[in-house]
Amino acid sequence: MDGNFLQNALSKTRQVDDFTSRLLEIHRKMMEINKEENIRLGLHRSDYMLDSETSSLLQIELNTISASFPGLGSLVSDLHRSLIKQYGTSLSLEHKRVPANAASTQFSEALAQAWSEFNIDSAVIMMIVQPEERNMYDQYWLSKHLQDSHGITTIRKTLSQVEAEGQVLPDGTLLVGGQKVAVVYFRAGYAPNDYPSEAEWSARLMMEQSSAVKCPSISYHLVGTKKIQQELAKPNVLERFLKSEEIDKVRKCFAGLWSLDDEYIIKTAVEKPELFVLKPQREGGGNNIYGLDLRETLVRLQKEGGDALAAYILMQRIFPKASPAYLVRGGVCHEGLAISELGIYGAYLRNKDKVVINEQCGYLMRTKVSSSDEGGVAAGFAVLDSLYLTGKVMFQSIDLFTHHFCLDR
């Protein structure tokens with residue numbers, strides 16, 4: 001809700017990153033007309049890795065747009081509980097130690113509550129998807145729950161379809177294909193490839209100008225950029241937003257984060273690239289830069305001069321302990337050392353000053369072979385997994401995810 005903070009924090013990035021610049025331009029237009037967003041819905045996923053040196057869960061990133069796999073992740077947890085229940089005796093495992101995972105149901109309930117707050121019974125929820133959507137079955141479970149439990153219709157549209165079929169009425173109502181839209185749920189629109197022409201950008205602007213609930217709104221989208229994550233890690237910045245008793249709790253989760261206007265940290269990263277990750281302002285997996293490629297990129301950007309470095313941030317590389325795992329892909333079981341990433345889903349809904357929902361909504365486990373740098377499931381680097389708890393207190397005594405049963409994407 002702090003538009004000036006977002007604009008100022010991303011001011012250098014916009015000069016060298018066209019995608020961020022276009023998002024900021026839409027955001028600026030909404031600020032100029034003092035666009036009101038009475039109902040705000042966020043469906044997040046905060047991702048962590050267990051640092052082997054400190055045994056702390058350190059945050060990788062916060063996803064505020066298209067937080068994927070609540071549907072399939074929930075099914076994988078059910079699958080693993082069922083398999084262990086059937087074969088647990090021979091495996092020496094207990095099915096109750098795989099935590100129940102209601103991410104799909106809870107995300108659906110948050111969408112339904114946002115629809116209810118909008119308060120037009122004939123309106124639909126519109127899911128923004130990619131033209132050749134590969135992850136439709138993850139999305140399907142949310143639509144199914146909305147229909148079965150609440151009688152809410154979900155329509156699926158690409159950005160280009162919204163531009164062709166959509167309009168905003170004088171009262172702010174968003175119509176798409178003649179249907180009133182209560183909630184716009186983005187499962188696309190997070191990457192430059194989602195905007196191949198001006199039609200897609202026109203659709204994004206149209207939706208922002210409407211009174212429909214956006215999940216996320218343009219400002220909520222910008223909050224999830226890598227640069228904002230790094231800005232929040234600076235001294236005295238969290239104090240702008242949080243109470244003092246909350247700040248220490250949040251900072252304990254932060255890994256090292258640096259902007260590239262720090263010559264000392266650039267020099268350190270060039271000398272020891274294995275200790276860092278270079279991140280652009282992109283989502284979806286497969287974008288980060290590691291090792292010798294990181295060194296070469298930093299050296300090249302320094303030689304080019306200008307503001308090119310502002311398109312990236314540097315992050316401390318986290319080294320979780322590798323554990324034996326069995327990964328099934330294409331019907332073939334592979335055994336090897338693997339590391340895991342834990343995502344905690346969360347929903348936030350407010351109507352004006354009233355906070356309607358603010359709660360965790362289950363989890364996502366992704367596991368990859370330890371030799372892989374990237375970790376995206378849809379991008380082909382990781383598999384869906386489940387937690388197996390070995391201690392008495394959940395998330396405080398996780399035995400380094402000793403047991404893995406993984407499913408191909």
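A: This is a predicted model. β13 and β14 (residues 354-369) pair in the antiparallel sense, with 13 bridges.

Q: Which residue in β14 is the bridge partner of I339?
A: K368 is the β14 bridge partner of I339.

Q: And how many residues sit between the strands in the hairpin of β13 and β14?
A: There are 2 residues between them, and K352 takes a positive phi near 55° in that hairpin.

Q: What pairs with β14 over 3 bridges?
A: Strand β15 (residues 383-385), in the antiparallel sense. M365 has D385 as its bridge partner in β15.

Q: Back to β13. How many bridges join β1 to it?
A: 10 bridges, with β1 and β13 (residues 332-351) running antiparallel. Y48 stands opposite L342 in β13.

Q: What is the bridge partner of Y48 in β2?
A: Q59 is the partner there. β1 and β2 (residues 56-63) are joined by 7 bridges and run antiparallel.

Q: Where's the positive phi in the β1 and β2 hairpin?
A: At S55 in the turn, with a phi of about 55°; the hairpin has 4 residues between the strands.

Q: Which residues point which way from β1?
A: I39, L41, L43, R45, D47, M49 and D51 point one way, while R40, G42, H44, S46, Y48 and L50 point the other way, and all are buried. In a regular strand, side chains alternate between the two faces of the sheet.

Note on methods. Residues numbered from 1 in each chain as written. Predicted model: local features only at pLDDT ≥ 70, side-chain atom pairs only at ≥ 80, totals over all residues. Heavy atoms only, no water. Buried < 20%, exposed > 50% of the residue type's maximum accessible area, 1.4 Å probe, protein only. Pairing = 2+ DSSP bridges.
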